[in-house]
Amino acid sequence: MSTLTLRNICKRYQNDNYAVKDFNLEISDQEFIIFVGPSGCGKSTTLRMIAGLEEISGGELWIDGELSNYLEPKERNLSMVFQNYALYPNMTVYDNMAFALKVRKMPKKQIDEKVQEAARILEIEHLLERYPKALSGGQKQRVAIGSAIVRNPKLFLMDEPLSNLDAKLRAQMRVELSKLHKELGTTMIYVTHDQTEAMTLGTRIVVMKAGEVSQVDSPQVLYQHPVNKFVAGFIGSPSMNFLDVSLYRGYDVENQKTYLTIEDHPVYLLEKTARLLKEKGYHRSKVTFGIRPEDIYTEEGKEANPKLEYSEAMQVTIIARELLGAEVMLYFDLEGIQFCARVEPENQTRAGEKLKVYFDLNRIHLFDMETEQTLNL
Amino acid sequence: MEAIHNTAGAVNLKSQAELDALHRVMNAKAKRKKNIRTGGLLAANIVVAIIILLPLLYAVSVALMPSSELFTMDLNVLPKQPTLENFKNALENVPLLKFVLNSFVVAGIITIGQIITCSMAAFAFAFLDFKGKNVIFMLVMATMMIPGEATIISNYLTVSSWGWLDTYQVLIVPYLTSAMGIFLFRQFYMSFPISLYESAKLDGCGNIKFILKILMPLTKSAIGAMAVYTFINAWNMYMWPLLVTGSEAKRTVQIGISMLNSVDAQSITLMIAGVVIIIVPSISIFIVGQKQLIKGMFSGAVKG
Amino acid sequence: MKKKPSLLERTRAYGFLLPCILIFAIFLFYPFFKTIFLSLYKTNKMGQAKLFVGIGNYMDLLTSSSFYNSLKVTLIFVVIVVVGSMAIGLLGAVLCNKAFPGIRAFSTAYALPMAIASSSAAMIFKIILHPSVGILNKLTGLNINWVSDPKYALVCVAILTAWLNSGINFLYFSAGLGNIDESIYERASVDGASPIQQFFHLTLPGLSPIMFYTLVVNIIQAFQSFGQVKILTQGGPGESTNLIVYSIYRDAFFNYRFGSAAAQSVILFVIVMILTLVMFKIEKKGVKY
């Protein structure tokens, strides 16, 4: 049960370097917020400032309407799960989970109830007498989460909790965390560098780069309408294809469409896209063109989705093919840049063969070359 | 969505001026708390450090006192008229410099000798394959369990039967190796892949050259730690030199200094001056080598 | 791929071990067994075994009140020294665990006693404890002849030894503290544990593996204290500071009773050995993680 307001939060070091700069965010009750970004972007620092483990250099942190910048970690009534789990090596699993309650002088019986309850939720009842040394990575992870939930905290912080697990376990824990969030109904803030985790878990995602917030949105919006080239490239796997192109405008009266060229083929933009560009003063200039692998279609794909609006056909030579079970990735060069297209598994095109591809014009992204901001938004 | 508005509402209740004031008050409070913490820690450290160093500081103070100042009923923590006279007298009364030289020779050779023999043995244990390797290694480790007192009588009888009493070698030879050194070096060598040795061998590098040109440069921190530790211990040796040296010519500092101990009570200041003189080398080496010592010996020893 | 090492190679390996083995053999193994051998004999003044008495030397010791006194005094001494030196070392290590201005200087101060010889330290303490000019009596206003009073002499020697041994303990504990994962303290502070709770629940248990090691080393070291006794008290007054090692020294080199001294050495060795083994047994049981 917690709301959180971060206003112009900064982390500044002596030499005037900012680890985090002007971080603004409103978090409402029961949200599952993800901080995501490449390493060193300030996401963990922000989380640690919320926890009280790092001093806040500027701005305000409000927890439930109370200015909390200067509170000790223990006064903030939150729980945190650490990247390396931070289990107390000298205590059994039971004592690890009971520790936070013991130091708060909770009656023994009540502690026992809480620990047993948490152990049941996480299915670690059989591990209670073990020491952390005798646990597997996944079990340690559960104990760390268990130690955090026994306190029924207002706010639940997690710092890359799955990064030390193997891929299979990570996928499994992802599902469980999501379930746990629904069961507990607590506000959660979760830090990760893995965009898949971010997309699958978060109700809202904060994408950070070099200490600053790039975009805060739901996974859906973030994916479809990234505000800049960084977010566009960071979210989604495989990532978006980018190419620097020139914008043109047709001269003849019947065909005054705005277009860009890729390998001398014109790609005519939709009317609404062209209008947006014109409003922002971009015509006949160079821009960055971006398209996601799944928005590139083959002839068959195009026929299967007749309602979409497509660009003209573009002839490409496939240089590599990857079969990923349910889908096929095709790689080809456009103006020397490698593009990736995600196509239906029936497609049999092999390396060296030629193929016609089409772009979904509604899913084209255009970015300013300097500021990297999205232009057609 | 409602919740957001609620918080925002609560937050907005305060004007910017109120907010700034709140910030100032709370910031000052937090700063004070932090300062008290750091200050408290610092104060505790100063008190404890002074208590630990008290005997040494007092020794320096007494060494600088004219002996008349010491023999008063007043509290005389610091010398009122500091003088270097005691140091001069101490050096004149007993051949302190000779003792210092003896100790330097003995401790120096022991240190170098231990590094050589321990490197060789550790190399054999870590890289070579031979029959009885484990048994010999266990035997070497077992020597750590034998206290010096269990052997000192027999050793004394041995060296006296050899006519070694009152020589340099009797001070040096028994200490030319150490199980701890072998263990320490072996630990470091074991962290290198065996392929390091094999590829050196393929390049035509002999064993001795491998130790000198590859292993030793790679284990500088262990060698440094070992050197500091061994030198200080050799410098501070007491029981063995007491038993086996008789003449002034071969005495080490620790035994030599006890000669000042026996002179009359009036020369207490002189005796302490002598003690200060012989402590200076070991302390200097310790301070210079402390970082090495910790890096090479203790950080590894604990992880073990 | 593993081929049998050639004869030449094996000889070479033994060659590298030769210096160490030789020294260990001559100055550790041989005298160790010779000490056991001597303990079964009466010797002449040259230390030559003359008369086989079997366990006679041991029987003499076990019926001598002086020897029991030695044992008792040594035990009290070892307890004071070990507890004292470990407490001082731990205090220093805990105080120097967090970064603050001047930490380097303080940690040097705490480790410094390890660089000081027992004999030098004993001479300094002799002055500090001096009944008329010593600073201790002057500061406290007491008039106690510390080293000549059987009530205090042992404690004085023990405190001096604790001080001497505290330096290396500081280094052990500092290294031990450095090995405790920093993030468990962060978690504890989020969990709401006060610094004192953190010390007792995390720091002390976290040090327990190194604590056992340090304890063993300290006990062995304390049993071997000699220089400070020789200079400060010569085993007296009475026999109140006649530690076993000093008693061995006196029996062998003043009374020329090498056989009896050897028997005491063997008993000392057995005591240290048993203590060490017991400690390791306890450690195996006690440290579960």
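Strand 16 (residues 314-323) and strand 17 (residues 328-334) of chain A pair in the antiparallel sense, over 5 bridges. The model is predicted.

**Exercise 1.** Find the bridge partner of A:Leu323 in strand 17 of chain A.

*Solution.* Start with the pair. Strand 16 of chain A covers residues 314-323, and strand 17 covers residues 328-334. Now look in strand 17: A:Leu323 has A:Val328 as its bridge partner.

**Exercise 2.** Work out which strands stand at the edges of the sheet in chain A, and why one side of each lacks a neighbour.

*Solution.* First, write the order: 15-19-16-17-18, an open sheet of 5 strands with antiparallel pairing. Next, look at the edges: strand 15 (296-298) and strand 18 (337-343) of chain A stand there. Each has a single partner strand, so one side of each is left without a neighbour in the sheet. Recall the general rule: strands of a sheet pair through backbone hydrogen bonds, either parallel or antiparallel.

**Exercise 3.** Decide whether chain B is a compact globule or more spread out.

*Solution.* Begin with the elements: chain B has 15 helices and 0 strands. The globule rule gives 19 Å for 304 residues, but the radius of gyration of chain B is 29 Å, well over that, so chain B is more spread out than a compact globule. Check the spans: the C-alpha trace of chain B covers about 95 × 75 × 35 Å along its principal axes.

**Exercise 4.** What percentage of the residues of chain B count as buried?

*Solution.* Take the 304 residues of chain B; 39% of them count as buried.

Definitions and conventions
Residues numbered from 1 in each chain as written. Chains lettered and ligands numbered in written order. Predicted model: local features only at pLDDT ≥ 70, side-chain atom pairs only at ≥ 80, totals over all residues. Pairing = 2+ DSSP bridges. Helix = DSSP H or I, 4+ residues; strand = E, 2+ residues; numbered from the N terminus. Rg over C-alpha atoms; globule rule 2.2 N^0.38 Å. Buried ≥ 20, exposed ≤ 12 C-beta atoms within 10 Å, placed from the backbone.
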